[in-house]
Amino acid sequence: MSTKNAIVSIYAAVATILLISPIVISHDTTPIPADAAQVSNWFKANVKSLGERKATLDPALAAAEASVKVIKVSKSGGQFKTINEAIKSIPSGNKQRVIISIGPGEYKEKVTIDRSKPFVTLYGAPNAMPTIVYSGTAAQYGTVNSATLITESDYFVAANIIVKNSAPRPDGKRKGAQAVAARISGDKSAMYNCKLIGFQDTLCDDKGLHFFKDCLITGTVDFIFGNAKSLYLNTELNVIPEGGFTVITAHARQNNAEDTGYAFVHCKVTGGGKGTYLGRAWMPNPKVIFAYSDLGNAVAPAGWSDNFKPERAKTVFFGEYQCKGPGSNHATRAKFTKNLAPAQANQFLSLGFIHASKWLLPPPKM
């Protein structure tokens with residue numbers, strides 16, 4: 001074969017491969033709209049169902065979603081009467097999506113889904129949300145293990161669930177009074193329309209890629225903490241009034257090499273607290289931004305805290321972008337706060353921030 005004919009054959013082969021290969025479209029770069037009224041349609045357009053997404057999803061997730069098992073928990077009598085019994089029935093090394101459908105009512109349990117059981121969904125009816133409640137404290141279990149709900153497995157989903165730690169409110173005198181409602185430690189996890197109720201350390205957003213949408217999180221001090229890379233969308237952060245120092249986030253990034261951070265987009269800061277910081281430099285290199293968010297009266301004029309360690313003012317990444325509300329006045333912000341330009345904000349304003357095209361699916365419906 002001549003060199004010319006060989007080149008023609010190669011081009012023809014490449015063209016054939018392109019024609020028969022599936023076209024994979026990633027919506028990770030489509031920006032979240034600035035107009036809150038457009039967010040719902042944006043989400044539907046960019047987080048498609050399994051049938052439209054198989055080519056982009058992690059292969060293990062696509063395979064798991066192709067075979068869904070539903071097990072039911074009910075206080076009045078289902079397959080199981082407790083959530084822990086239902087979780088125990090899932091085999092280690094699980095490879096299929098298991099939806100634990102939880103009936104209405106209050107379940108007084110301390111629930112753990114360990115890393116050997118991926119692809120688990122906790123589902124409650126949106127008009128009759130079940131409550132998982134326990135009263136564990138840091139004094140009893142250590143802070144991160146005090147959580148009412150602990151998820152260590154990958155591809156975890158929760159929808160329409162209330163998770164509460166009912167331990168007494170810390171009074172500054174009792175040692176180890178911190179009490180976590182939920183710790184999310186598995187990779188590629190999502191929570192839809194959930195309520196996380198607590199005081200200090202309500203949500204340990206620990207590690208991995210996470211997505212929270214249409215949720216409510218209440219607290220006083222560090223009520224979202226950890227070192228995950230998470231996108232919070234249309235979520236309410238309700239500050240409970242406290243006499244002393246109050247702060248919403250304590251992100252635990254140690255250095256710039258860690259690809260982690262919290263992005264709050266179209267969120268609301270509500271509540272009757274005063275002088276609340278959006279974040280503090282608990283660790284040297286926290287990364288937290290608020291964009292398109294409604295910041296209420298609870299927010300302190302300075303907005304952010306260096307945690308009384310002035311040297312950390314040089315290493316934090318605390319930013320805001322096009323926020324509104326009485327707590328959003330950038331003129332009064334701490335000097336180390338970034339008033340983000342569009343080019344700086346863009347990295348946080350899409351699903352690409354959490355690499356969602358590989359794993360994020362719409363909330364389940366039953």
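Me: What percentage of the 366 residues in the protein chain do buried residues make up?
Reply: This is a predicted model. In it, buried residues make up 52% of the 366 residues.

Me: How many helices and strands does the protein chain have?
Reply: Start with the secondary structure. There are 7 helices and 27 strands.

Me: How many aromatic pairs does a search of the whole structure find?
Reply: The search finds 18. One of them joins F119 and Y155, and this pair is stacked. The ring centres are 5.0 Å apart, with 15° between the planes.

Me: Which parts does the pair of F119 and Y155 tie together?
Reply: Look at the loops. F119 lies between β4 (111–113) and β5 (120–124), while Y155 lies between β7 (149–151) and β8 (157–159). The pair therefore ties together parts that are 36 residues apart in sequence.

Me: Is F119 buried or exposed?
Reply: Buried means under 20% relative accessible area. F119 has 6%, so it is buried. Y155, at 12%, counts as buried too.

Me: What about F317 and F348: how is that aromatic pair arranged?
Reply: It is tilted, with 5.8 Å centre to centre and 45° between the planes. F317 sits in strand β26 (residues 317–321), and F348 in the segment after α7 (342–345). They are 31 residues apart, and the pair links distant parts of the chain. F317 counts as buried at 16% relative accessibility. F348 counts as buried at 0%.

Me: Which residues do ring pairs link into a cluster?
Reply: The cluster holds F212, Y232, Y262, F264, F290, W304, F318 and F336.

Me: Where does K75 lie?
Reply: Look for a charge over a ring. K75 lies over the face of Y107, at 4.9 Å from the ring centre. K110 lies over the face of Y141, at 4.6 Å from the ring centre.

Me: Which residues form a nonpolar patch on the surface?
Reply: V68, V70 and M366 do, with about 250 Å² of accessible area together. V68 is in the loop between α4 (59–65) and β1 (69–73). V68 is partly exposed, with a relative accessible area of 43%.

Terms used:
Residues numbered from 1 in each chain as written. Predicted model: local features only at pLDDT ≥ 70, side-chain atom pairs only at ≥ 80, totals over all residues. Heavy atoms only, no water. Patch = residues over 30% accessible without salt bridge, like charges linked within 9 Å, V, L, I, M, F, W, Y side chains within 5 Å. Areas by Shrake-Rupley, 256 points an atom, 1.4 Å probe, with all protein chains shown as cover. Salt bridge = Lys/Arg side-chain N within 4 Å of Asp/Glu carboxyl O. Helix = DSSP H or I, 4+ residues; strand = E, 2+ residues; numbered from the N terminus. Buried < 20%, exposed > 50% of the residue type's maximum accessible area, 1.4 Å probe, protein only. Phe/Tyr/Trp six-rings, centres within 6.5 Å; stacked < 30°, edge-to-face > 60°. Lys NZ or Arg CZ within 6 Å of the ring centre and 35° of its normal.
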